[in-house]
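Thanks, everyone, for making time this morning.

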Amino acid sequence: MGVTRRVFLRAAITATAVGSVGATETVRARTASAAGPPGDVVGKVTVGYQGWFACVGDGAPVNGWWHWTRNWGQPPSSSNTGISCWPDVREYTHTYQTSYAALGNGQPARLFSSYDQQTVNTHFLWMQQNDIDTAALQRFDPTGGEGPTRDAMAAKVRAAAESYGRKFYLMYDVSNWTDMRSEIKADWTDKMSAHTASPAYARQNGKPVVCVWGFGFADDNHPFSADACLDVVNWFKGQGCYVIGGVPREWRTGTGGSRPGYLGVYHAFDMISPWMVGAIGNVSEADSAYTAYTVPDQADCDAHGIDYQPCVLPGDVSGRQRAHGDFMWRQFYNVVRAGAQGIYISMFDEYNEGNQIAKTAETRDWVPADSGFLALDEDGTVCSSDYYLRLTGDGGRMLKGEIALTATRPTRPTVPAGGDTAPPAAPGALTVTGHTADSVSLAWSASTDNVGVTGYRVLQVAGSTSTQVGTTGAVAFTVTGLAASTAYTFDVVAFDAAGNVSQPSRQVTVTTDPPSGTTDLALHRPTSESSHTQTYASGNTTDGDAGTYWESANNAFPQWVQVDLGAPAGVRRIVLRLPPATAWAARTQTLSVQGSTDGGTFAQLLAPSGRTFDPATGNTVTLTLPATATTRYVRLTFTANTGWPAGQVSEFQVFGA
C-alpha cells in the first residue's frame, strides 16, 4: 500500500516569548532579501497536490481504492477507511459508490477519482478561481506497482495546469525509496523532464523547478547519507534545475527531527521549505514556531542567498485544529511578516490527514452517517466548502502586497446574512466576432449587478460539461489553442466580488477554419515518444525553438516521436528541422510518417526514405504527402541516422493544404 503520508508526532517547541499582536493591529512586513526575483515560486503560493485517489472502475492501472482505504481491494466503509474527513463531491462529473451508509441528508456516499481528468480539471479550476498560483505534484517512488498510475497523473496535472493557467512542478517524496540515488535521476531523465516543455511547468530564475522532500529526516524512512543527498541535489542543479528542499523543521540545528551533519545538504538547495505538519495545531503553537523556527530560518536563508518557502497548513479537521480559519491565518500572518519569499500549503487534497484546503463537507448532513467524520462546522462556526480555498487566496494576496499585512483574518467563513447574495444578470448578446484555424473571438453585452460586476468567465460547453477557458474584465475575449476544422460551443457568465455567479449567456457554436498552408498545427501541441536521451525530450519538437531538440535513446532503432493535433485535421505538409548551428554536420535520417485518428491504430502516410539535413541549407527537410490526410496524431518513425545513432528533430511542424 505504501506510506500514507509524512506524519510526524508533534514535538515540543521551545516556549519563547512572542510579542502579542492585537486582533486588529496591522504590522508592516520587513523587506525580504530574496535570492531569486519573483517567478513561479518566489512571490507565489504553492499547494502540495497529491492526486493519489483512485476507485475501482475508473480505469487507473493501480486498479483499487487507492488511498481511500486501508485495504485497496475492498470498497471504502466505516471499517475500511484511509481518510479522516469527507470531500464535497458535488462538482465532480464522475463519482463512485462506496459501502458507507448514506450521507446525513440521505444522498448516497460517493467519492471522486483523481484518475478522472475532470477531477483534476475541477481542482485546477478551483485554484484559478482563488488565485492559487502553483501546484507541486507529489511523486513517490515510481518504480513499483503504483508507477504507471503516477505517470498518468503527471500528464493529467500538466493538461489541467495548461487549461487553467496555473503552474506546476514535480515534488519527489523520497520516503521509503530504497534505490533513490540512481532511480530518481533515471526517472527525471527518462520520464519527468519531458514535462518541462510545457508552458505551464514552473520556472524560477529561468530554470525548471524540482523539489526533493525527505533529505535529512531522522527516521528509518529516510536513511540516505549526506553524501548521497548532496549528490542528488547537485545532479539536479547540473541538469539546469532550480531545486527546492522539503526539509525537517530543525534543519538549521541538526537536532530533533533532523539528522546532524546535513547543513551542507540544506544549504545546497535554491529554496528551503521546512515541514510543519504534526508540529503545530493551534494559534499559540503557530506563534511559538514563528519565534523558534521562522525568524531564524529566514535569517539563515538570507545570509546564504537561499529562498525561503515556509509551510502553512489549515489544520486537521478530525483534530479540531482549524478554529474556523484563525489557525491558518495566523500562520499566513507570521510567515509574511518574517519576509518569506514564498509559501507552501500543506496540502491541497490531503483528505487522509485532514489537512486539505480543497472543498470539504460543510456539515454532518454531507458526511456518511456511520463514518464518525467531522465537518467544517465542527467548532460551531458554519464554513462554506470552499472556505479554505478562499482563505488561501487571501493569504497569497497578503504575500504579494495586494492587501495589507494584518493579523486579522479578512476572509469570512460564509457570505453573511444580509450580505450581497444577488448574482449579476446574465451577459447578453453573445456573438462570434471572428475565427481562425486555432482561435475564436467572442463579444457580449455587459451584465448588470446590484453592487458591481467584477468580471466574466468564458466557458467551453461539451454536452452537460462546461470547462472554463478564460476570464476577463472586458466584454470580449479570444479563445486560443483550438483545433482546426472543429466545432466548439461557448457561453459566458458574470461574477461579482462576493462570488455570486450569473446564469449563462446564450450559447454560440462556431467551427474553426480549416488549416492553412502557413499555420503550424503542431506548435505547442502535446507530444509523446518511444524514448529520449538526457533532457532532450519530445516536447522540444513543438516549442517553437529550433535550438532545442528531441533525441531518442541511442543505438536502439526503430524510434518514434509524435504530436497530438487535438482533433482530426487535414495534413499535407510536414517540415522538420535540426538546430541550425554549423556544429551539426550534415546527416541523413531514414524516416517514415504515420497518422492516426484515435492514437491507437496508425496508417502509413509516407514510406521510409532517407532525408538529408544539411546546415548549408538550414538543416530543414520538407515532407509532402501524396494527398491531404485527415489525422489527429502524426508520428515520425526513425530507423537510421548517418550522423548519430538516434532519431533527432528540433522542430516538428505540421501544415494543411
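This is a predicted model: local features need pLDDT of at least 70, side-chain atom pairs count only at pLDDT 80 or more; totals for chains, interfaces and linings use all residues.

Asn619 is buried, with a relative accessibility of 0%, where buried means under 20% relative accessible area, partly exposed is between that and over 50%, which is exposed, using a 1.4 Å probe and protein chains only. Asn619 is not a glycine, and yet its phi is positive, at about 55 degrees. It sits in the loop between strand 24 (603-613) and strand 25 (620-641); helices here are DSSP runs of H or I with at least four residues, strands are runs of E with at least two, and both are numbered from the N terminus.

Residues are numbered from 1 along each chain as its sequence is written, and side-chain values use heavy atoms, with hydrogens and water left out.

Asn176 also has a positive phi, near 60 degrees, but this asparagine is partly exposed, at a relative accessible area of 42%, and belongs to the loop between strand 5 (167-173) and helix 3 (180-190).

Turning to the peptide bonds, the one joining Ser346 and Met347 is cis, with omega about 0 degrees, and Met347 lies in the loop between strand 12 (343-345) and helix 8 (387-399). Phe557 and Pro558 are likewise joined by a cis peptide bond, with omega about 0 degrees, and Pro558 is placed in the loop between strand 21 (550-551) and strand 22 (559-577).
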